[in-house]
Amino acid sequence: MSLSPAFFDYLKARQHLINQALTRFVPRLSGPAARLTEAMHYSLFAGGKRLRPILVLAGAEAVGGEPEPLLPVACALECIHTYSLIHDDLPAMDDDDLRRGKPTCHKAFDEATAILAGDGLLTHAFRLLTHEELEERFPAARILAVIRLISEAAGLFGMVAGQMADLLAEGKKVSPEELFFIHRHKTAALIRASVLAGAMLWGATEESLEKLSQYGWKIGHAFQIVDDILDLTGDEKTLGKPVGSDLEKKKATYPALFGLEGAREEAKKLLNEALEALSPFGTEATPLRDIAYYVLERKL
Ligand code: GRG
């Protein structure tokens, strides 16, 4: 199947909505600390796809929820994602000079500013998750459950743990189980949490949440496999960074372990499983289905 022009219109409209919301929900400081928010905005507006915030809205739509009141949550997920990219690019971690075709945060500013910009984004995400506009709209118990979900996915039970395992695996031969651990924690956990957060706030049933959770894990893994494939076969201009960096850093990747064809096959299998998880839903889950194809077909 190929994605329809209507999906790309949907994607553009959603990206626009998220960009406007980020401008509203992530303030710019004036005065002695203005440089902090300048660096935060530099990375927030460096051309990201907005996949995670769009998933927050699409997950809610799938259970009949309205997207608009979820914008603080959507922005919180983009803040957490952007912090992780800024810190991942630092000399102490991946030491990358380019991201999305632009100098990385520590290159455009300096290392200390980049560390603080990441810290600022992560902390502000939790300010947004407790935003007054959410409190007025949703029961406190649901907001609390979403904060729990996202803090687990971003921290010790998700991304930060995955990043630790990933760094330790550099240059080593990893088993399929170790590779699965890294992908599940580093990438899939936050993607799954994005799919669930909006649906949880709108009071989705346990059955629906379980299906959305399965979908989230599957597309999260597929996303990382495609990321690994693009690092080998992608177009440098489109990606905005040099290809082959995983090989150079001897990173644990799916193609390194199973070959390019093996990786492509696994991504397709995950796509089908993600679509299967959505089978109880009707047309209200069309955006989630299209996003699953997009994750597989993306060139960036
Ligand atoms: C520093 C705690 C900490 C974690 C870093 C996310 C991450 C963990 C590292 C980034 C390196 C990487 C390739 C991660 C896996 C896939 C990923 C998150 C890719 C980038 O996400 P996109 O493509 O980015 O959604 P855009 O630029 O579209 O926002």
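Of the 19 residues around the ligand, those that come nearest are Lys49, Arg52, His81, Arg100 and Gln224; a residue counts as near if one of its heavy atoms lies within 4 Å of the molecule. The model is predicted, so local features need pLDDT of at least 70 and side-chain atom pairs count only at pLDDT 80 or more, while totals for chains, interfaces and linings use all residues. Residues are numbered from 1 along each chain as its sequence is written, and side-chain values use heavy atoms, leaving out hydrogens and water.

**Ligand**

- Lys49 has a polar side-chain atom 2.5 Å from an oxygen atom of the ligand, where a polar contact is a pair of N or O atoms within 3.5 Å.
- For Arg100, a polar side-chain atom lies 2.6 Å from an oxygen atom of the ligand.
- In His81, an N or O atom of the side chain is 2.7 Å from an oxygen atom of the ligand.

**Helix 4 and helix 10**

- The axes of helix 4 (residues 71-89) and helix 10 (residues 176-201) come within 10 Å and cross at roughly 165°; helices are DSSP runs (H or I, at least four residues) numbered from the N terminus, and axes are lines fitted to C-alpha atoms over the stretch in contact, with angles from 0 to 180 degrees between N-to-C directions.
- Helix 4 is therefore roughly antiparallel to helix 10, a term for angles over 145 degrees.
- The crossing of helix 4 with helix 10 is right-handed, meaning that the near helix is turned clockwise from the far one by less than a right angle.
- On helix 4, Val73, Leu77, Ile80 and His81 meet Leu190, Ser194, Ala197 and Leu201 of helix 10, where contact means heavy atoms within 4.5 Å.

**Helix 3 and helix 10**

- Helix 3 (residues 51-62) packs against helix 10 at an angle of about 40°, and their axes are 6 Å apart.
- Helix 3 also passes helix 10 in a right-handed crossing.
- Residues of helix 3 including Arg52, Leu55 and Gly59 meet residues of helix 10, among them Leu190, Ser194 and Gly198.

**Helix 14 and helix 15**

- Helix 14 (residues 254-277) and helix 15 (residues 286-297) pack at about 175°, with axes 10 Å apart.
- Helix 14 is therefore roughly antiparallel to helix 15.
- Ala267, Lys268, Leu271 and Leu275 of helix 14 meet Arg289, Ala292, Tyr293 and Leu296 of helix 15.

Conventions
Helix = DSSP H or I, 4+ residues; strand = E, 2+ residues; numbered from the N terminus. Parallel < 35°, antiparallel > 145°, perpendicular 65-115°, else oblique. Polar contact = N/O pair within 3.5 Å; in protein donor to acceptor, adjacent residues only side chain to side chain.
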